[in-house]
Amino acid sequence: MTKVSIHSFVGVLQRAELERLAGECCERVLRGHEYAHGKVAGWTEQLSSELLAAAAVRLPRAKLVAHALVLQRPPPPAPAPGLHASSACRWEPHADALVQY
């Protein structure tokens, strides 16, 4: 199971477009691949980064957060499932407030 989501603070107007971008990103990155533990961290990072970049073109002034999750559900008697996640975010550092600690 793969879940990719993007959160935007611009409202629901672009929801269908963001869902389309997420689907295209998943197809591009994961098509033809079977689960490979050594590659999944790179896939989640690539998914979140590519989705964020595509959404930023469509919504250039929006604050965006992209999350990618890849869940491995092996058939029994395999070991427990694995979960891999990656996030990427974008904002305007000169105009948006930011606090780091």
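I began with burial in this predicted model, and found that of the 101 residues of the protein, 32% count as buried. I then listed the secondary structure, which comprises two helices and three strands, and read the order of the elements from the N terminus as β-α-α-β-β. For the contacts in the protein with a separation of 6 or more, I noted that 61% come from residues 24 or more positions apart.

I then asked which residues of H1 are buried, and noted Leu18, Leu21, Ala22, Cys25, Cys26, Val29 and Leu30. Looking down the axis of H1, I saw that these buried residues fall within an arc of 135 degrees, and therefore line one face of the helix. On the other side of H1, I recorded Ala16 and Arg28 as exposed. Just after H1, I found glycine 32 with a positive phi of about 80 degrees.

Turning to the pairing of H1 with helix H2, residues 37-58, I noted that their axes come within 9 Å and cross at roughly 140 degrees, and that the crossing is right-handed. On the H1 side of the contact I listed Glu17, Leu18, Leu21, Ala22, Cys25, Cys26, Arg28, Val29 and Leu30, which meet Trp43, Gln46, Leu47, Glu50, Leu51, Ala54, Ala55 and Arg58 in H2. Sorting this contact by class, I recorded 12 nonpolar, one polar and four charged residues.

Conventions: Residues numbered from 1 in each chain as written. Predicted model: local features only at pLDDT ≥ 70, side-chain atom pairs only at ≥ 80, totals over all residues. Heavy atoms only, no water. Buried < 20%, exposed > 50% of the residue type's maximum accessible area, 1.4 Å probe, protein only. Helix = DSSP H or I, 4+ residues; strand = E, 2+ residues; numbered from the N terminus. Arc of directions from axis to C-beta. Axes fitted to C-alpha atoms, helices over the stretch in contact; angles between N-to-C directions. Left-handed = near helix turned anticlockwise from the far one by under 90°. Contact = heavy atoms within 4.5 Å. Nonpolar A, V, L, I, M, F, W, Y, C, P; charged D, E, K, R; others polar.
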